[in-house]
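User: Hi! I've got a structure open and would like to talk it through with you. Could you help me find my way around?

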Amino acid sequence: MGTYAIAVLAGDGIGPEVTAQGVRVLEAVAERFGHYFKMTEALVGVAAIEAEGDAISHATMRLCQESDAILFGAVGGRSGGRSGGRSGGVPRMGRDKAGPSYEGPHSGVQPERALFRLRKELALYANLRPIRPFDALLNASTIKADILRGTDLLVVRELTGGIYYGKPSEIRETAQGLEAIDTLVYTEAEIARIVRTAFELARDRRKKVASVDKANVLSSSRLWRRTADLVAADYPDVTLEHLLVDACAMHLIRRPASFDVIVTENMFGDILTDEASMLAGSMGMLPSASLGTRHTAHGLFGLYEPIHGSAPDIAGQEKANPIAAILTVALMLRYSFNLKEEARAIEGAVERIVEAGYRTEDLREEGKKVVGTKEMGRLIVEAVRG
Ligand code: NAD
């Protein structure tokens, strides 16, 4: 019997709706396998700004630091502005075309700052996004089923460096008018640790790594490629392929099944993982794990979140697909708690329910049964119980 401390940060919009289903599934796992998951809830995002004056309070940061893992929902107050949340990078500057992303008594504070602080301060440098479209959902993707069949890939994205963090990053006056600058900087050590993470993960999979860069143009990419080759020498059992990012974008939809582990820098990973998410049919299907170097008594500390945002357009309507949040829990069990059988029990339960023909609104299909968020959660909980 193990005891595991989890900080539950459900956030905004559909965040609390889908996280609640993830929590129910964890409770079912606890019951079936005899574990104790000590879950402590706290506010993040708009909810925290309104109640506590910041997107994440110091007390919540402390709670996260003292936990074995973080279960995160989504943050954000309106649709269409994902640069801050997804890039893990730079809080937006003031207003964009759509206006401020949060209007309220503390409008200077961005809800996405919560994720930014968590990733940076907890040194969560490795973002893992596994993509394995279920056979039963092959027709839900915009890509042909024949191309998708057999796809089972893992994108390992560097999360705390690169152009989202480099300084200077500003728009400035010059004698010729305004100019803008962003800085893409990587150290050899930053590259080596993320590439090593990818090789370690590949050893437990099909032993293939595709390292993605733009070495024909960028100095940072030339260092990336050289460092990847050096790391590869320690893993003679794993094959390394170098791909330019533009070619990789094409191959992802031309031959997705040929990839095993893809490793890349922050911005390339940001863009490629959105593209790759479409292989699985819906944003509501994809989980992610963000890992660092801190070890707890149970394994690697990590932050676990679905890849989607707060989806205010469907919040409160029972339309959100909770599967990404539920699969996120499976990743937590696997990577932070080393509970592989329990993780497989969740993944198997999800697959059985999808195969049985249950779908949320985002995956509506002729002849299938459309259910709401809570009902989908209930069905998966029952399947986990066996
Ligand atoms: P989004 O991911 O919230 O939604 C994009 C589209 O996908 C919407 O049509 C939405 O209805 C749909 N969708 C998303 N998740 C779904 C689910 N589980 N089930 C069914 N449909 C789902 O992206 P957006 O609309 O660009 O952004 C909304 C807010 O979320 C913004 O404030 C943005 O900054 C924030 N955001 C946060 C995160 C995060 O917390 N990690 C990530 C992305 C966006």
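**Starting with Y4**

Analyst: Happy to! Y4 has a relative accessible area of 6%, so Y4 counts as buried. Keep in mind as we go that this is a predicted model.

User: Thanks. Which strand is Y4 in, and which ring in strand 2 does Y4 pair with?

Analyst: Y4 sits in strand 1, which covers residues 3-11, and its partner F37 sits in strand 2, residues 36-41. Across the whole structure, a search finds six aromatic pairs. The pair of Y4 and F37 is tilted, with 5.5 Å from centre to centre and 35° between the planes.

User: And is F37 buried or exposed?

Analyst: F37 is buried, and Y4 is buried too.

User: What about the rings of Y4 and F337, how do they sit?

Analyst: Their centres are 4.5 Å apart and their planes meet at 35°, so this pair is tilted. Put together, Y4, F37 and F337 form one aromatic cluster.

User: Nice. Let's zoom out: how many helices and strands does the chain have?

Analyst: There are 13 helices and 14 strands.

User: Why would you say the radius of gyration agrees with a compact globule?

Analyst: For 386 residues, a compact globule would have a radius of gyration near 21 Å, and the chain has 20 Å, so the two agree. If you want dimensions, the C-alpha atoms fill a box of roughly 65 × 55 × 45 Å along the principal axes.

User: What share of the residues is buried?

Analyst: Buried residues are 55% of the 386 in the chain. As for contacts between residues at least 6 apart in sequence, 76% of them join residues at least 24 apart.

User: Switching topic: where is T19, and what does T19 touch?

Analyst: T19 is in helix 1, residues 15-33. Not counting residues up to four places away in sequence, T19 touches V8, A10, L71, F72, G73 and A325. T19 is buried, because its relative accessibility is 4% and the cut-off for buried is under 20%.

User: How far is F72 from L240?

Analyst: Their C-alpha atoms are separated by 33 Å, and the two residues are 168 apart along the chain. L240 belongs to strand 9, residues 239-244. With a relative accessible area of 21%, L240 is partly exposed. Leaving aside neighbours within four places in sequence, L240 contacts F199, V209, S211, A228, D229 and A232.

User: What about S220, buried or exposed?

Analyst: S220 is buried, at 15% relative accessible area. S220 lies in helix 8, residues 219-232, and touches L184 and I191 when residues up to four places away in sequence are not counted.

User: Now the backbone. Which residues does a cis peptide bond join?

Analyst: That would be K167 and P168, where omega is about 0°. P168 is in strand 6, residues 166-174. For context, most peptide bonds are trans, and most residues other than glycine have a negative phi.

User: So which residue has a positive phi near 50°?

Analyst: A123, and A123 is not a glycine. A123 is in the loop between helix 5 (113-121) and strand 4 (126-131), and is partly exposed with a relative accessible area of 34%.

User: And where is K207, and what is its phi?

Analyst: K207 has a positive phi too, near 65°. K207 lies in the loop between helix 7 (188-203) and strand 8 (208-213). At 32% relative accessibility, K207 counts as partly exposed.

Definitions and conventions
Residues are numbered from 1 along each chain as its sequence is written. This is a predicted model: local features need pLDDT of at least 70, side-chain atom pairs count only at pLDDT 80 or more; totals for chains, interfaces and linings use all residues. Side-chain values use heavy atoms; hydrogens and water are left out. Helices (H or I, at least four residues) and strands (E, at least two) are DSSP runs, numbered from the N terminus. Buried means under 20% relative accessible area, exposed over 50%, partly exposed in between (1.4 Å probe, protein chains only). Contact means heavy atoms within 4.5 Å. The radius of gyration is taken over C-alpha atoms; the globule rule is 2.2 Å times the number of residues to the power 0.38. Rings of Phe, Tyr and Trp (its six-membered ring) pair if their centres lie within 6.5 Å; planes under 30 degrees apart count as stacked, over 60 as edge-to-face and the rest as tilted.
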